[in-house]
Amino acid sequence: MADVVIYGPSASTYVRTARLACAEKGITHTLEPVDVGTESHAKLHPFRKFPSMRHGDFLLFESGAIGRYVDRAFPGPALQPKDVKELARMDQWLSAVSDYCYQAMIREIVIQRVLVPMRGGKTDEAMVKAAWPKVEYQLSVLEQTLGQQHYLASGALSLADLMLVPILFYVKLQPEGGPLVAKHKGVSAWFDRMAARPSFGATMPELPKAA
């Protein structure tokens, strides 16, 4: 029997972050689909987002909370630094990746390029074009850290890395994104290290397909 159930689509970066945390801790989990926007969805996540997690009779939503819970509740490699300053750095990057990188990289590029046409809409090319300079700047900020150390918060993997890698996975699939990431040598090397981890392959999403 699985230790944990994660609710949401595998293509969601936030769902993948929760799944990566489980994989890194060495615990089994099952992934359950969600009937998006319904009352059953609201019972799992009151804001009808994802992911949610169930561990026994304990229900929790939001990827950051799920990652912290999984790290505290199960044995295995630590996903949060012990040093208070490194822990603060992890929290800093969790916030920055979720607030800034996700907005430009996923909402303004990937969703526009992939999901909007799938839903019968038209890509806002002006939005996509305007987003790439933001992404380049964000990569330059990440490079300042990842050009100096192997992981975002310290010398060891943390939840911050698990938040970022699913986002950059999609960026690198874009024609402009692969070369742009490659220009930032520290970020590119970090991504390669993350992609080589067993958790990365074990949580590979089912990519959306056009109808």
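**View 1. Tyrosine 7 faces glutamate 32 in strand S2.** Here we're looking at a predicted model, in which local features need pLDDT of at least 70, side-chain atom pairs count only at pLDDT 80 or more, and totals for chains, interfaces and linings use all residues. Residues are numbered from 1 along each chain as its sequence is written, and side-chain values use heavy atoms, leaving out hydrogens and water. S1 (residues 4-7) runs parallel to S2, and four bridges join them. Strands (E, at least two residues) and helices (H or I, at least four) are DSSP runs, numbered from the N terminus.

**View 2. Four strands make an open, mixed sheet in the order S2-S1-S3-S4.** Two strands count as paired if DSSP finds at least two bridges between them. S2 (29-32) and S4 (58-61) sit at the edges with a single partner strand each, so one side of each has no neighbour in the sheet. From one strand to the next, the twist averages 20 degrees.

**View 3. Helix H1 (residues 13-25) lies across S1 and S2.** H1 runs at about 165 degrees to S1 (angles run from 0 to 180 degrees between N-to-C directions, with axes fitted to C-alpha atoms, for helices over the stretch in contact). Helix H3 (residues 63-73) packs on the sheet too, touching S1, S3 (52-55) and S4; touching means contact, with heavy atoms within 4.5 Å.

**View 4. Helices H4 (residues 84-118) and H6 (residues 159-173) pack with their axes 9 Å apart.** Their angle is about 15 degrees, so they're roughly parallel (under 35 degrees; over 145 is roughly antiparallel, 65 to 115 roughly perpendicular, the rest oblique). Among the residues making the contact are Trp93 of H4 and Leu164 of H6.
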